Amino acid sequence: MSVNRDALLGTAADVLTRRPTSSMDDIAKAAGISRATLHRHFAGRDALIRALEQLGLSRLEAALDAARPDEGDADEALRRVIAEAEPLAGFLGFLVTENQLFEPGEQHPGWTRIDERISALFRRGQHEGTFRIDLTPAWLTEALYALITASAWAVQDGRVAARDAVRMTVELLLGGARRSSER
């Protein structure tokens, strides 16, 4: 039986996004394959997580490309980034959490590239006078990840309607990131 690796990774991402502690058996079952077949593709959970990280990074890079964070004013660019990243929110949350388990203190170069692109958007917004300058671009980037992740979990738990997730994420982040005329 031929197994499509991308489809297998997609299934693993779906399973692990919903239940991060799922076993290799759970993933194999969801994919409709045996555990032995899963192990032929991935020697163990660490190998699977690494492959998922690569998939997540490529999907997030594509989402950033589609969002065009270098175009238009920073507010609108950030709205596009959130809208493009939202479909990956659960997966992003899983990867951000799981990434903490590998090489403490080190970061995959792909995450560094993504962080730099998003931080550049916040820096641009600060230079344009749109975003607060007392919050670092690195902090705003981490806050963005946290809000997107929290949004995904709230949708999964049924506490937030999926149709409201992007708007609520944008409004909370921009409400805290924007410069106020009263400050």
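Colleague: Before we go on, which pLDDT must side-chain atom pairs reach to count?
Modeller: Residues are numbered from 1 along each chain as its sequence is written, and side-chain values use heavy atoms, with hydrogens and water left out. This is a predicted model, in which totals for chains, interfaces and linings use all residues, local features need pLDDT of at least 70, and side-chain atom pairs count only at pLDDT 80 or more.

Colleague: Thanks! Is Leu 60 buried or exposed?
Modeller: Leu 60 is found in helix H4. Buried means under 20% relative accessible area, exposed over 50%, and partly exposed in between, with a 1.4 Å probe and protein chains only. Leu 60 has 6% relative accessibility, so it counts as buried.

Colleague: How far apart are the C-alpha atoms of Leu 60 and Phe 91?
Modeller: Along the chain, Leu 60 and Phe 91 are 31 residues apart.

Colleague: How many helices and strands does the protein have?
Modeller: Both are DSSP runs numbered from the N terminus: helices are H or I with at least four residues, strands E with at least two. From the N terminus on, the elements run α-α-α-α-α-α-α-α-α. The count is 9 helices and 0 strands.

Colleague: Of the contacts with a separation of 6 or more, what share comes from residues 24 or more positions apart?
Modeller: The C-alpha atoms fill a box of roughly 60 × 35 × 25 Å along the principal axes, and 45% of the 183 residues count as buried. For contacts with a separation of 6 or more, the share from residues 24 or more positions apart is 68%.

Colleague: What is the relative accessible area of Thr 141?
Modeller: Thr 141 sits in helix H8 (residues 137-156). Beyond four places away in sequence, Thr 141 touches Asp 115, Ile 118, Ser 119 and Phe 122. Phe 122 in turn has partners that include Leu 78, Leu 144 and Leu 173. Thr 141 is buried, and its relative accessible area is 1%.

Colleague: On to charges: how many salt bridges does the structure hold?
Modeller: Counting Lys and Arg as positive and Asp and Glu as negative, without His or the chain ends, there are 23 positive and 27 negative side chains. A salt bridge is a side-chain nitrogen of Lys or Arg within 4 Å of a carboxyl oxygen of Asp or Glu. The total of salt bridges is 11.

Colleague: Why does the pair Asp 65 and Arg 117 tie together parts that are apart in sequence, and by how many residues?
Modeller: The side chains of Asp 65 and Arg 117 meet in a salt bridge at 3.0 Å, N to O. Because Asp 65 lies in helix H4 and Arg 117 in helix H7, the pair ties together parts separated in sequence by 52 residues.

Colleague: Which residues are linked with Asp 65 in a network of salt bridges?
Modeller: Glu 61 forms a salt bridge with Arg 117, with the closest N and O atoms 2.9 Å apart. That pair joins helix H4 (residues 45-67) to helix H7 (residues 109-128) across 56 residues. Glu 61 counts as buried at 17% relative accessibility, whereas Arg 117 is partly exposed at 25%. The residues networked with Asp 65 are Glu 61, Arg 113 and Arg 117.

Colleague: Last one: near what value is phi of Arg 68?
Modeller: Arg 68 is found in the loop between H4 and helix H5 (74-85), and is partly exposed at 36%. Arg 68 also forms a salt bridge with Glu 71. Its phi is positive, in a residue other than glycine, and lies near 50°.

Definitions and conventions: Contact = heavy atoms within 4.5 Å. Charge placed at Lys NZ, Arg CZ, Asp CG, Glu CD.
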